[in-house]
Amino acid sequence: MYGDSGPEWISHLEGLLDSLKKRFDFTYGEPFSLSYNFVVPVRIGRERDAVLKIGYPNNDFSNEFHALQDFKGKGMVEVIDFQRQEGWILLDRLTPGSSLHSVRDEEEVLTVFSRVAEGLWHKPVSSHSYPTVQSWSKGIGRLRKRFDGGCGPLPEELVLKAENLFPRLLSTSLDHYLLHGDLHHGNILFSESSGWTAIDPKGLIGEREYDCIQFMLNEWEKWDVPIELLRYRTETITSLLSLSYERLLQYGFCHSILSACWSVGDGHDGWKTGVSLAGMFEELLAE
């Protein structure tokens with residue numbers, strides 16, 4: 001992703017870990033199994049359990065750092081220390097740290113999600129330049145560019161519909177908030193001391209409805225009829241959070257296509273799931 005600077009940064013990672021160990025008297029545990037950042041539980045001396053997160057020091061890392069600060073005291077994990085230039089953040093260790101995946105009752109899951117989301121969302125007050133839903137939406141245009149005006153493996157009619165609907169939604173959006181940007185089951189953990197707590201924010205400016213979509217695209221395997229789960233989630237979340245049912249479905253459709261575009265760009269076959277979900281959002285919109 002980062003050309004020659006990527007391997008160069010990786011080559012310095014072990015030295016950074018040694019340096020931080022000496023600086024903070026860390027004892028490292030086994031790293032968490034993740035796909036992008038390096039995240040490892042640590043013990044600070046004999047006093048405190050924490051989590052060390054190290055990532056390539058780019059805009060995404062900067063956005064996360066600022067979002068952690070701006071969500072402070074609103075149900076977000078506590079930042080103990082950080083160094084933006086080196087690309088690391090030291091976070092409180094949430095114990096036991098079980099995710100929302102562990103809750104099997106869907107009504108309880110939706111109640112927890114709604115409480116956490118409502119606690120986080122607030123009007124932007126930071127001077128930091130966060131990405132916007134509008135800037136994210138440009139990912140569909142990059143798909144067109146990649147395929148010389150075509151859609152690659154994605155259905156033309158669905159991409160065209162998202163290209164028309166996304167600008168209409170954005171041009172009529174009035175109530176912008178600082179959003180988590182990736183608020184799903186795996187990013188809501190239980191803490192004995194502070195209850196359900198959010199982690200891993202991306203930081204995004206947009207309507208609250210948009211911040212519900214990533215959650216709605218997760219955890220389908222226990223439902224025999226997925227569209228019934230999607231309908232139930234949409235109806236329940238809009239009721240609990242006083243959101244627009246129609247805009248939530250419309251954003252869901254657009255984001256499903258956008259997610260499919262990202263997947264194609266990354267060379268993965270996850271676009272098939274995005275297309276399938278877009279079809280379900282489209283079906284609910286037609287009811």
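Let me start with a term: a residue counts as buried when its relative accessible area is under 20%. Keep that cut-off in mind. One caution as well: this is a predicted model.

Take Ser114 first. Where does Ser114 lie? In helix α3. Is Ser114 buried or exposed? Its relative accessibility is 4%, so Ser114 counts as buried. And what does Ser114 touch, once residues up to four places away in sequence are not counted? Ile237, Leu240 and Leu241.

Now the sheet beside that helix. Three strands make up an open sheet. The order is β6-β8-β9, and the pairing is antiparallel. Which strands stand at the edges? They are β6, residues 96-99, and β9, residues 195-198. Each has a single partner strand, so one side of each has no neighbour in the sheet. On average, neighbouring strands here are turned by 35 degrees against each other, direction ignored.

Look at one pairing more closely. Strand β8 covers residues 188-191, and it pairs with β6 over two bridges, in the antiparallel sense. Pro96 has Ser191 in β8 as its bridge partner. Helix α3, residues 106-120, packs on this sheet. The helix touches β8 and β9, and its direction makes about 55 degrees with that of β9.

Next, the five-stranded sheet. This one is open too, with antiparallel pairing, and the order is β1-β2-β3-β5-β4. Here the edges are β1, residues 26-28, and β4, residues 79-83. Each of these has a single partner strand, so one side of each is left without a neighbour in the sheet. Neighbouring strands are turned by 30 degrees against each other on average, direction ignored.

Inside that sheet, follow strand β3, residues 48-54. It pairs with strand β5, residues 88-92, in the antiparallel sense. How many bridges join β3 and β5? Five. Val51 stands opposite Leu91 in β5.

Two helices go with this sheet. Helix α1 lies across β1, β2, β3, β4 and β5. Its direction runs at about 160 degrees to β3. Helix α2, residues 59-70, packs on the sheet as well, touching β3, β4 and β5. The direction of α2 makes about 30 degrees with that of β5.

Helix α1, residues 5-24, gives the largest share of the lining, five residues.

Last stop, Leu249. Leu249 is in helix α9, residues 245-265. Its relative accessibility is 1%, so Leu249 counts as buried. What is Leu249 in contact with, leaving aside neighbours within four places in sequence? Thr234, Phe281, Leu284 and Leu285.

Note on methods
Residues are numbered from 1 along each chain as its sequence is written. This is a predicted model: local features need pLDDT of at least 70, side-chain atom pairs count only at pLDDT 80 or more; totals for chains, interfaces and linings use all residues. Side-chain values use heavy atoms; hydrogens and water are left out. Helices (H or I, at least four residues) and strands (E, at least two) are DSSP runs, numbered from the N terminus. Buried means under 20% relative accessible area, exposed over 50%, partly exposed in between (1.4 Å probe, protein chains only). Contact means heavy atoms within 4.5 Å. Two strands pair if DSSP finds at least two bridges between them. Axes are lines fitted to C-alpha atoms, for helices over the stretch in contact, and angles run from 0 to 180 degrees between N-to-C directions.
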